Amino acid sequence: MSTNYAARFAATPEPPYYVVSFASIRTKGDNGYDAMSERMETLALAQEGCLGVESARDTSGFGITNSFWRDEDSIRNWKNVVAHLAAQKLGRERWYEQYKVRIARVERAYGFQASTGGDLAEHVD
């Protein structure tokens with residue numbers, strides 16, 4: 001059984017573009033979090049200027065979600081989507097012990113993926 005790990009990476013264009021990094025520590029219990037998280041990812045991906053989302057959370061509750069954006073206007077527009085504002089409010093009330101948001105311009109991007117033959121290959125986004 002093979003897993004398509006590459007599908008977990010956002011397909012970003014040539015830089016420059018922007019990343020919003022959301023690091024958080026969750027509260028105990030789901031309390032509707034998983035459903036809202038899926039809804040917000042779907043909604044973000046439908047926004048003009050959203051390039052993709054990558055997310056991971058460990059068993060202790062620490063997680064990072066990186067969303068990638070064409071420009072700062074796209075980020076501002078996403079921040080002000082009514083459903084996103086409601087999710088932010090619920091996050092502070094129910095789901096997060098702590099979080100940090102960082103926004104940065106990506107100037108360079110590169111990666112690695114082993115080829116099926118075992119050779120090393122480098123890919124530059």
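The following legends describe close-up views of a predicted model.

The model is predicted, with local features needing pLDDT of at least 70 and side-chain atom pairs counting only at pLDDT 80 or more, while totals for chains, interfaces and linings use all residues. Residues are numbered from 1 along each chain as its sequence is written, and side-chain values use heavy atoms, without hydrogens and water.

**View A. Phe22 and Tyr99 form an aromatic pair.** Ring centres of Phe, Tyr and Trp (its six-membered ring) within 6.5 Å define a pair, called stacked with planes under 30 degrees apart, edge-to-face over 60 and tilted for the rest. The structure holds seven such pairs. The centres of Phe22 and Tyr99 lie 5.2 Å apart with planes at 35°, so this pair is tilted. It joins strand E1 to strand E4 (residues 96-106), across 77 residues; strands are DSSP runs (E) of at least two residues and helices (H or I) of at least four, numbered from the N terminus.

**View B. Tyr33 and Trp95 meet edge-to-face.** Their ring centres are 5.8 Å apart and their planes stand at 75°. Tyr33 belongs to helix H1 (residues 33-45) and Trp95 to helix H3 (residues 82-95), 62 residues apart. Tyr33 has a relative accessible area of 11% and is buried; Trp95, at 3%, is also buried (buried is under 20%, exposed over 50%, partly exposed in between; 1.4 Å probe, protein chains only).

**View C. Five residues form one aromatic cluster.** The members are Phe22, Tyr33, Trp95, Tyr96 and Tyr99. Tyr99 is partly exposed, at 34% relative accessible area.
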